Amino acid sequence: MYILGINAYHGNSSAAIIADGRLIAAVEEERFNRVKYAAGFPTAAIHYCLDAAGITLPEVDHIAIPRNPWARIGTKLFYALRMPSFAAERIKVLGQFAGIPEALGKAFDISPREIRARFHRVEHHQAHLASAFFVSPFDEAALLSADGLGDFASTMWGTGQGNRMHIDGSIAFPHSLGMYYTAVSQYLGFRKFGDEYKVMGLAAYGEPVYLEEFRKIVRTNGGVGFRLGLDYFKHHRTGPEMSWRDADKTPELGAMYSDYMAERLGPARDPAAPVEKVHRDGAATLQARLEEVLFEMLRALHARTKQKAVCLAGGVAFNCVANGKIFDETPFERIFVQPAAGDAGLAIGAAYFVHHQILGHPRSFVMENAYWGPGYSPEQVRAAVAASRLRGEGMEISELPEELIAKEAAKEIAAGKILGWFQGRAEWGPRALGNRSIVADPRRPDMKDILNARIKHREMFRPFAPSVLAEATGEYFEKSYPCPFMTQAYSVRPEKREVIPAPTHLDGTGRLQTVTQEANPRYWRLIREFGNITGVPVVLNTSFNDNEPIVCRPEEAIECFLRTKMDVLVLGDILVRKPETAEVQR
Ligand SMILES: [Fe+2]
């Protein structure tokens, strides 16, 4: 039985397919159309999922859409009456969703009548919760989803037991931790969609000196809940959902902070102006208050559910800094965050919701790795190399057996070279986890600057991440709880901070990936070989891209390699070295 999950007409549009409860494929549309965070209809992602399952659209039994237009209809009508522009947007969105069978028919060149699947609508946050719990290793767990907004809610919590979730409560618009983080990020001059990551990185460079004020911006009362101090915001007056444009555009958001925020905290930073102490302290306070609120909610959730494990989902669950402190700040002992914790993950969440909660099937699947996207055969990789400009550029190209590839690549990294590492199926979610990664030596204090100068061109305050052999986690980090998807930041042991300075953030933490041989044998071998040479079984890992979505096809990896100042490229069993002359020119 096939269930297709589709996150459409929303940021991070995506598709996923499960067969008898087993995940077959899951991918974001941005990997195909090359538009970061693309909204719109995920035509290419659906095509890929059906190909991976080896079926055609009429063979799909159920189609799960993570959106329920009837959820919180009363609140929606209340705001629609006050804001005509919002009402118009709602009508447009309803029309889009009603037209999904037609959109599918058009994408696959068939009549919508040929689609025999049953359509299911799953509320946004229930899909988020399902995306975490139903693929987690836990038979029971407390559940919390928090994001900007979806189906007019920002937060939902409950308990998962076996193949059921029980929803305990939720928080509706305009109160939202995601919007809080976005609004203050905008105020700090970070106005692009997805910039919240940058502000989380910046937070380590400041002190949370404005906490008293920020406790008025987000208010709590000791329960699982919070309220925004609405004076500081304007999204409740201007409308919440006017940002999802077409598939060929990255979503845009209007300013969400009010003049009152600037009155209380000082003028907002112009995006072109330098980042000063006041902004660093603002970022630190934003993060500190988020953590306070999150931990208060989690403690209350623990008291209500008495669970040892917690599953987190929604965009707020990407806050790896907060996630890394959950073991210290709350009684929870185990945590699971799915690699696509944000809205892309809704595709698998909706599909698993239908499989378990609606159809009642027992649990049978645990997501142990993140490699659910497209993969390419050795022949396809060879063909991509042959058709590329690589040969004309005087590159040294060799095909090596699998054992040798890791050894050779590890030698290059240890010699200070920057490696593009392309293997197997693409990662699901925004993190490169060793299949579409740029890998470098973590021991070199200047490696962060080198990577920024040569390839990534990122702000200096944004950290790079370490990948560590799972068996060496405790040797390098103060916690060793598995973190296969880079969803937690742990403190690097003080004596190891000088050993791996490049991926150690200013606050002494690292947003780590723990790598097991089972989850990714090739990447594990690369790190082990690097460890054999250097004594340090850790590499610096950053996503294989250059201001674009992570590369998906070998052709994109080759283009990125040629365009940037990477030194070495591994594509499956093929190793490519740039000529030394190219290095001299750098
Ligand atoms: Fe969401």
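## The iron site

In this predicted model, the iron ion takes its protein donors from His-124 (NE2), His-128 (NE2), Asp-147 (OD) and Asp-343 (OD), which lie 2.0 to 2.2 Å from it; donors here are N, O and S atoms within 2.8 Å of the metal (3.2 Å for Na, K and Ca), and since water is not among the atoms, sites may look incomplete.

Along the chain, the donors follow the spacing H-x3-H-x18-D-x195-D. Asp-147 belongs to strand E6 (residues 140–150) and Asp-343 to the loop between strand E12 (334–337) and helix H15 (346–358), so the two tie together parts that are 196 residues apart in sequence; helices (H or I, at least four residues) and strands (E, at least two) are DSSP runs, numbered from the N terminus. Asp-147 is buried at 4% relative accessibility, and Asp-343 is buried at 12%, where buried means under 20% relative accessible area, exposed over 50%, and partly exposed in between (1.4 Å probe, protein chains only).

## Aromatic pairs

The structure holds 16 aromatic pairs, counted when rings of Phe, Tyr and Trp (its six-membered ring) have centres within 6.5 Å, with planes under 30 degrees apart called stacked, over 60 edge-to-face and the rest tilted. One of them joins Tyr-37 and Phe-193 edge-to-face, at 5.1 Å centre to centre with 70° between the planes. Tyr-37 sits in the loop between helix H1 (30–33) and helix H2 (43–53), and Phe-193, 156 residues apart from it, in the loop between helix H7 (177–187) and helix H8 (196–203); both residues are buried.

Phe-190 and Phe-461 have ring centres 6.0 Å apart and planes at 90°, so this pair is edge-to-face. Phe-190 is in the loop between H7 and H8, whereas Phe-461 is in the loop between helix H18 (447–456) and strand E16 (465–469), 271 residues apart. Phe-190 is buried at 6% relative accessible area, and Phe-461 is buried at 5%.

## Charges over rings

Arg-363 lies over the face of Phe-133, 4.5 Å from the ring centre, and Lys-496 lies over that of Tyr-476, at 4.6 Å; the criterion is NZ of Lys or CZ of Arg within 6 Å of the ring centre and within 35 degrees of the ring normal.

## Basis of the values

Residues are numbered from 1 along each chain as its sequence is written, and side-chain values use heavy atoms, with hydrogens and water left out. Local features need pLDDT of at least 70 and side-chain atom pairs count only at pLDDT 80 or more, while totals for chains, interfaces and linings use all residues.
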